[in-house]
Amino acid sequence: MTRDENEGVELLFLLGLGFQLLLGEFTRRVAEAGYPDLRPVHGMAFQALGRSGATATELAERLGVTKQAAGQLVDDLEKRGYVRREPHPEGGRRKLVVLTPAARDHLAVAGRILHELEAGLGRETDLPALRRGLGQVVRTFHGEGPLPPLRPVW
């Protein structure tokens, strides 16, 4: 699309289409890199668990999903070998969900692919200006303070 082609196109449509196309290319490259069974929501869960892990309830809060959805996600990822449940350090019945080496390997590959996509985009676009502009959109609608979770609704 040229600048003239973009005039009159709703911003929400352009944002959504840009997101859809970038996410589609990212997912395709991650699958080609050896992870055809993982989707962006899985990577979001890996990032939400972080280095120290979290309970399924904490994961639900971080992802902005129900406890049931987080529990199903953890069950699925555990079956695939990407997470494991360990006793919680504070004791009790709670379990700590932690990443396995397979999940950490995936994050490294996905991070590399994301940086490659951004570098390619940066050759065609003023990436710093795009980041500033998108940041302004976010702050206009959300305000200051911590950002809400990016809900995996796609």
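**Labels and their cut-offs**

Tutor: The place of Leu-130 is in helix 7, helices being DSSP runs of H or I with at least four residues and strands runs of E with at least two, numbered from the N terminus. This is a predicted model, in which local features need pLDDT of at least 70 and side-chain atom pairs count only at pLDDT 80 or more, while totals for chains, interfaces and linings use all residues. Residues are numbered from 1 along each chain as its sequence is written, and side-chain values use heavy atoms, with hydrogens and water left out.

Student: Why is Leu-130 called partly exposed?

Tutor: Buried means under 20% relative accessible area and exposed means over 50%, with partly exposed in between (1.4 Å probe, protein chains only). Leu-130 has a relative accessible area of 33%, so it is partly exposed.

Student: What makes the nonpolar surface patch?

Tutor: Leu-11, Leu-15, Leu-121, Leu-130 and Leu-134 make it, with an area of about 380 Å². Helix 2 (11–32) and helix 7 (127–142) each give two or more residues to this patch. Patch residues have over 30% relative accessible area and no salt bridge; nonpolar side chains (Val, Leu, Ile, Met, Phe, Trp, Tyr) are joined within 5 Å, like charges within 9 Å. The areas come from the Shrake-Rupley method with a 1.4 Å probe, and for residues only the protein chains shown count as cover.

Student: Why are Glu-32 and Arg-28 called a salt bridge?

Tutor: The term requires a side-chain nitrogen of Lys or Arg within 4 Å of a carboxyl oxygen of Asp or Glu. For Glu-32 and Arg-28 the N to O distance is 2.5 Å. The two are four residues apart in helix 2, so about one helical turn separates them. Glu-32 has a relative accessible area of 59% and is therefore exposed, whereas Arg-28, at 38%, is partly exposed. Both belong to a network of salt bridges that links Glu-25, Arg-28, Arg-29 and Glu-32.

Student: How many salt bridges does the rule give?

Tutor: The count comes to 11. Another is between Arg-85 and Asp-75, at 2.7 Å from N to O. That pair links distant parts of the chain, with Arg-85 in strand 1 and Asp-75 in helix 5, 10 residues apart.

Student: Why is the pair of Phe-46 and Tyr-82 called tilted?

Tutor: Rings of Phe, Tyr and Trp (its six-membered ring) pair if their centres lie within 6.5 Å; planes under 30 degrees apart count as stacked, over 60 as edge-to-face and the rest as tilted. The centres of Phe-46 and Tyr-82 are 5.7 Å apart and the planes are at 40°, so the pair is tilted. Phe-46 lies in helix 3 (residues 40–49) and Tyr-82 in the loop between helix 5 (67–80) and strand 1 (83–87), 36 residues apart. Both residues are buried. A search of the whole structure finds one aromatic pair.

Student: How do you know that the buried residues of helix 4 line one face?

Tutor: The buried residues of helix 4 (residues 56–63) are Leu-59, Ala-60 and Leu-63. Seen down the helix axis they fall within an arc of 100°, so they line one face; the arc is that of the directions from the axis to the C-beta atoms. These residues pack against helix 3 and helix 5.

Student: What makes Thr-27 buried?

Tutor: Its relative accessible area is 18%, so Thr-27 counts as buried. Leaving aside neighbours within four places in sequence, Thr-27 is in contact (heavy atoms within 4.5 Å) with Arg-39 and Pro-40.
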